[in-house]
Amino acid sequence: QRSTKTRGKRMSEAYRDDDYGIDMETERPTYDNDIEAEPLVIRTVHASTVTPTSTSTTVTATSGNPGMATCGWMMVLIWIPALLLYFRKAEFSYFLPDIDAGTVDDSLDFSNILDLPPVPDVSQVPQPVEPEESIVKESVYINPVAEESSDDDDNVTSEPTEPPTLVNTENGNDDLEDHWNDTDVNSMERWGAWKFYDGNEDLRPTNDYCGEYPNRDIPGDKLPEYAWQDDAVYVNHFIDEAFHLVERAQEAIYAEYGLTDPANYEPRQQLFGVQIIDCDSLSDGDELGDSFLQDLVTGQGGWICESSYDNLVKRLLHAMLTNDSFTIALGGDSAAAGHGNHFAQSYLHAFAHVLEPVFQKLNVQLVVRNAANDGGITESALGSRDIYGEVDMMLWDGEEDTEEGTIDLFHRQALLGNRAPLIWTRHSNVGTLQKLYKETGCDLGGFTGTLHKFPETTSIDQAATLPFATQFLHCHKELKQVCDAPTNKYRTQCWVERDDYTPATKQDDFVGGRASWQPGFREHQAIGRGLAMTILDALDAALSLWSEITITDGFPLPDDYWHLTPHYQKIHSNVKSSTQSSCHETFTFLPRICNTALHGRTEATPRANPEHTSIRSIVKPDKEGTGILYAGSQSMAYEGDDVPNPALQVPEGEIDVREILSRAIIHEDRGMRSLNGEGSFTDGMDPNRLLNNNNKNNNNNKKKKKKADIKAAADADAKAIADENAKVIADAKAAADAKANVNASIKENTPKNSNKNKKKPDAGNASNNQLDTPTETIVSSSQWKSNCNRPGYCDGSTNSYNCNRSTQNSCLLSGHNTNDDQCGLLGTPDDGWPVLTLADVTEGIIMVKFHTWKTETQVGGDRMLEEDRALMGGEALPDNFEFDFAIDGKIVTWNKLEFIKQWHPVERMVQVFVLLDDVHFVANGKNGKKNAVKDVELAMRLRGGGLLDLTHVYWA
């Protein structure tokens, strides 16, 4: 039983089934007398029949004898003990927590015990009449307001006079053209819809009460009055409907791949089965690598350690019980980024495409961030918690020959993030994975991406008989050339005509980046569906656990089943205490980065929270209040959402999983709860930018659903470009001349041998007592320029649909967020000191990443960049090159030879420089204690000649 603090009021006001997603007027039986009875809802789960797809059932019993209205219920209280002893085989959910599991004896006649009417056959209860019209995508039923029967009785309403009205929540009522019937493979009659709603939403607390506790782990006994987590009837109905939703999602994906028969277990398992491995029992000689896993994992469902699966279940329970977000980020190479395809077709977005409506109905905000790129992973891994953001699941899918230590750094920096995410990996070395798992206790799983169990394409004619999702996906060896042909492997379109804009730049025929090693859209979709099946399987297990535990332990679900802070803390402690790993062996110049969580800022995209994680965001304005601007001008081509792209739509007659899962049935005056009362999660989605949208009647671009922060960020960038850059470019030559004169004066008055006898810090060991006393006043400059002028919101998520929507873009519907030109802040000897504020330095680590192979020519007032990656050894720097940097005003100077000596080529195209490595640096922090937190000012400039491209800044 639940807490009794407000039980009396809840029993009379809250515990009514007509307030929890059941239409009592159509589902409750009526009797000759007109007195309505309070329903008693009993959720029955039989332990002997629980399977991964089993769902609970709802039984409704009513009392109808008007003579028993008062004393009848008193008799019930008297007879309950006897009934508990007599009916020991019945399992009555949380109402009878101590009864053994079994089955209900339908032959029992309750009317002989308490003189109640016999319990009616539930199968004969009238069901709501469904309409004969439908539309695609997000749909709801709205029950018309019931008419009052008389002025004297305001509480008595008549039966509905017409069926509920079907509307489209995306397009209003204008699209009621598509008729659905038994021949419609995506019809509501075939698949059903989400029915749950909170009838007592007006009683729920409106504050974010979970946010007051670390990691939202609110103790169960601290839940406020009327919190839904503590409401037994709410939770029971929610779990019941969630079971149906998860099963609907699984069956829709199976049907999409032609596996419509639930009895056809083996082929389903081969395509999407999740293999749970007892990783604790593996010896050091066992390998969790491709050779081991490909014998075990046949399809896209992947594998996961047993304890990690349990923790994934806990993570999902936590997200549901706290109305939290669930974030998945991906780091990897160009193949993982989806090059050659639309960004929306990359497998992480294909995953989100089908599960966004599922998580939205569960009141969890699903966020996916595809941050894979072609420039290496170390540059993002070093600033993981800022660049990738706080994540619950971190995916690695890079080149197979990536060095072990680099992958280990990627994983360790991710684990040092606040949520110590589940590591999900591909192409990772077994020894590294096993050691990481055993040393840190992290959650570990992954996938192999094999396709050989999918239906084989043996001819072009035979391919036409296969489901669209499987055509040309797994080909006979003699047909490989046909399957790899661009028309079969890719499905892209760079532009769809619209009334309000004509591209200024000629649009390409297809999305660029096609290569023999790049997966096509069907392979991306298959990988995404495999990941979706893994999460759905864990969701089903989470719901089962929630149901089973609350049957015996009551409500709310005990803390141990969903609180995560102790798990996070254990992993953090283990990572920080580890001193021997492949990461330590690789990054010998600064091994502390394998144990220390770093902050990071960059100009490259995609990155989380782009308006807050750029280098520009931490550069102090100059004395006139001007910040760093763009080196060139690129304006937003058009505003608003893209029109539907045929390349992203499901062909007619094929299964549309998102359409099936988007439907909901609600009352007109009641709706599904949204996270913290801030609106539906679909408000920030653009289904036209997502895979397989089938919105046929929205070619006039009517939808306006961008998030306010997305539009604000894009508008701010556009305004900065329009208002400021013209003036900066026009005055560039005059400013450069003035700076040149200042620098010449400084150089002339600096002793020529001032640096010759100075003790140079060893590589990776620049400590604060080796910093020079300042010889000049450092004034912040805004003359360094960002060469990464991509308008739009570029965070790698499904909200980044307008990223790089530039007038100069030759494929406006590509959607890709990656920067092929590896953006940064460009500085020359004429551009002075940019001063960066590094907040909360605790460990005495500062690093930067430069590109050194770029050169520059002046064309009028604009800088024209040229780059030659063959000059990565420093050949592009002139002999008179000097680099100054200052930490809190203390200046250090490196000439060309010292500069080259100090860089560390940790990965292809990744050169990092250690400016500070001093464990005692924070001893003089804000409070004078060893573990103090200190804000630090970092300034840098060039002298003599050359050009540097500052792409990343890291600190801890």
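**Salt bridges, disulfides and a charged patch**

Biologist: What is the relative accessible area of Glu 439?

Modeller: Glu 439 counts as partly exposed, a class that lies between buried (under 20% relative accessible area) and exposed (over 50%), with a 1.4 Å probe and protein chains only. This is a predicted model, in which local features need pLDDT of at least 70 and side-chain atom pairs count only at pLDDT 80 or more, whereas totals for chains, interfaces and linings use all residues. Residues are numbered from 1 along each chain as its sequence is written, and side-chain values use heavy atoms, with hydrogens and water left out. The relative accessible area of Glu 439 is 28%.

Biologist: Which residue forms a salt bridge with Glu 439?

Modeller: A salt bridge is a side-chain nitrogen of Lys or Arg within 4 Å of a carboxyl oxygen of Asp or Glu, and for Glu 439 and its partner the closest N and O atoms are 3.2 Å apart. The two belong to distant parts of the chain, 27 residues apart, with Glu 439 in helix α15 (residues 430–440) and the partner in helix α14 (residues 404–415); helices (H or I, at least four residues) and strands (E, at least two) are DSSP runs numbered from the N terminus. The partner, buried at 1% relative accessibility, is Arg 412.

Biologist: How many salt bridges does a search of the whole structure find?

Modeller: Side chains of opposite charge can pair when their charged atoms come close. Some of the pairs here are linked into a network, which takes in Asp 208, Arg 216, Asp 324, Asp 392 and Arg 419. For the whole structure, the number of salt bridges found is 27.

Biologist: How many residues apart in sequence are the parts that Lys 849 and Glu 379 tie together?

Modeller: The side chains of Lys 849 and Glu 379 meet in a salt bridge, with 3.0 Å from N to O. Lys 849 is buried at 0% relative accessibility, and Glu 379 is buried as well, at 2%. Because Lys 849 lies in strand β18 (residues 845–851) and Glu 379 in helix α12 (residues 378–381), the pair ties together parts whose separation in sequence, in residues, is 470.

Biologist: Which residue meets the side chain of Lys 620 in a salt bridge?

Modeller: The distance from N to O in this salt bridge of Lys 620 is 3.0 Å. Lys 620 sits in the loop between β14 and α22 (657–662), while the partner, 317 residues apart from it, is in strand β25 (residues 934–943). Lys 620 is partly exposed at 32% relative accessibility. The partner, itself partly exposed at 33%, is Glu 937.

Biologist: How many residues apart are Cys 494 and Cys 811?

Modeller: A disulfide joins Cys 494 to Cys 811, with 2.0 Å from S to S, and both cysteines are buried. The link is left-handed, with -90° about the S-S bond. Cys 494 is in the loop between α18 (486–489) and α19 (521–553) and Cys 811 in the loop between β15 (785–786) and β16 (825–827), so that their separation in residues is 317.

Biologist: Which residue is joined to Cys 583 by a disulfide?

Modeller: The link is left-handed, with -85° about the S-S bond. Cys 583 is in helix α21 (residues 582–586), and the partner, 11 residues apart from it, is in the loop between α21 and β14 (599–602). Both cysteines are buried, and the partner, at 2.0 Å from S to S, is Cys 594.

Biologist: What is the torsion about the S-S bond of Cys 794 and Cys 803?

Modeller: Cys 794 and Cys 803 form a disulfide with sulfur atoms 2.1 Å apart, and both are buried. The disulfide is right-handed because its torsion is about 100°.

Biologist: Which cysteine has the sulfur nearest to that of Cys 442?

Modeller: Cys 442 is in no disulfide, and the nearest cysteine sulfur is 7.9 Å away. Cys 442 counts as buried, at 1% relative accessibility. The cysteine that carries this nearest sulfur is Cys 305.

Terms used: A disulfide is a pair of cysteine sulfur atoms within 2.5 Å.
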